[in-house]
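Here are my notes for you to read next to the model. Take the points in order and find each spot in the 3D view as you go.

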Amino acid sequence: MKNVNFRKYALGGHTIYHGDALKVLPTLPDGTIDLIFADPPYNIGKHFAGFVDKWPSDRAYIEWCQQWLDLCTQKLSPTGTMYIMASTQSMPYIDLYLRDKVTILSRIVWHYDSSGVQAKKYFGSLYEPILHCVKDPRNYTFNAQQILIEAKTGAVRKLVDYRKDPPEPYHTRKVPGNVWYFPRVRYRMAEYEVHPSQKPESLLERIITASSNPGDLVLDPFAGTFTTCAVAKRLGRNSVGIEIQEEYVKIGLRRVGITTTYNGERLAPPSKNFGYRRAKPNPAQLELGV
Ligand SMILES: C[S@@+](CC[C@H](N)C(=O)[O-])C[C@H]1O[C@@H](n2cnc3c(N)ncnc32)[C@H](O)[C@@H]1O
């Protein structure tokens with residue numbers, strides 16, 4: 001029977017659902033998702049196309065979160081991993097709720113800089129928390145060797161550990177700790193889409209590389225601009241993305257490469273205005289062909 005609650009688009013291992021995550025998630029088979037990245041609305045009053053991200057109370061918001069957290073846990077495979085984002089205010093409730101159901105391996109801080117948000121009378125928030133959870137702490141994917149970063153003590157300061165016999169130089173590469181710096185998506189970046197809380201591809205690259213393998217199934221229940229699904233595709237994973245707003249579903253259909261038109265409309269990346277006119281060609285350069 002055709003489900004009237006949502007629409008589904010699929011191509012080559014990638015599926016996009018246009019609908020409410022609470023309606024779509026129950027239709028997915030239990031225990032089949034290898035990796036979930038959930039970046040829900042934060043209950044802070046942002047405008048997502050027609051949707052305003054504000055619940056009548058904190059309690060109502062947390063109760064809503066509990067519903068999709070339960071569904072995500074149910075859909076996760078026995079060896080699966082979930083990354084959950086939330087506002088700094090709500091994360092303690094989510095953490096307390098989840099720690100009875102899954103194992104929380106890391107409490108990650110995604111830190112970024114901002115010249116736009118500059119609090120003058122308190123310390124402005126320049127991070128977002130992310131929980132890294134697994135169903136089975138004895139059996140889960142973590143591709144440590146594929147996400148190594150530079151270890152400054154060894155690589156930059158070139159320190160030697162004299163406690164070793166003979167003394168050894170410090171390692172130059174290491175597994176990242178739980179404080180991650182990635183710049184937020186800016187207008188001038190190639191990946192920029194028109195959305196108020198698009199997450200950077202670099203953040204998803206680390207998560208997907210670390211916690212899944214090629215061919216695995218990655219789910220994002222609040223897909224927004226479908227960063228998760230686009231990066232999953234680039235890294236050879238399969239993906240499922242759910243998004244309630246049509247404007248963002250159109251971004252997903254284009255970014256994940258499912259279709260180039262939607263109801264006759266050509267799906268194109270945002271056109272950008274950089275505020276300057278193209279410089280007149282320099283005749284000398286034209287002659288040189290540069
Ligand atoms: C924080 S944004 C996700 C941004 C995304 N991670 C990205 O990189 O673009 C949350 C998204 O959830 C969508 N949303 C809100 N309620 C939803 C629901 N019940 N089911 C599915 N999507 C929903 C919003 O329209 C919004 O695009």
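**Notes on the fold**

1. Let's start with the parts list: the protein has eight helices and 17 strands. Helices (H or I, at least four residues) and strands (E, at least two) are DSSP runs, numbered from the N terminus. Keep in mind that this is a predicted model, where local features need pLDDT of at least 70, side-chain atom pairs count only at pLDDT 80 or more, and totals for chains, interfaces and linings use all residues. Residue numbers run from 1 along each chain as its sequence is written.

2. Now the overall picture. The C-alpha trace spans about 70 × 65 × 50 Å along its principal axes. Of the 290 residues, 31% count as buried; that takes 20 or more other C-beta atoms within 10 Å of a residue's own, while 12 or fewer makes it exposed and anything in between partly exposed, with C-beta atoms placed from the backbone. Take the contacts between residues at least 6 apart in sequence: 64% of them join residues at least 24 apart. Here, a contact means that two C-beta atoms, placed from the backbone, lie within 7 Å.

3. Next, a helix pair. The axes of α2 (residues 58–75) and α3 (residues 91–98) come within 11 Å and cross at roughly 40°. α2 and α3 are therefore oblique to each other, as angles under 35 degrees count as roughly parallel, over 145 as roughly antiparallel, 65 to 115 as roughly perpendicular and the rest as oblique. On the α2 side, the contact is made by Ile 62, Cys 65, Gln 66 and Leu 69, and on the α3 side by Tyr 93, Ile 94, Tyr 97 and Leu 98.

4. Most residues other than glycine have a negative phi, and most peptide bonds are trans. The bond from Asp 165 to Pro 166, though, is cis, with omega near 0°. You'll find Pro 166 in the loop between β10 (160–161) and β11 (168–169).

5. Which residues other than glycine have a positive phi? One is Phe 226, with phi near 65°, in the loop between β14 (217–220) and α6 (227–234). Another is Asn 263, with phi near 50°, in the loop between β16 (261–262) and β17 (265–266).

6. Are those two buried or exposed? Phe 226 is buried, because 28 other C-beta atoms lie within 10 Å. Asn 263 has 6 other C-beta atoms within 10 Å, so Asn 263 is exposed.

Note on methods
Axes fitted to C-alpha atoms, helices over the stretch in contact; angles between N-to-C directions.
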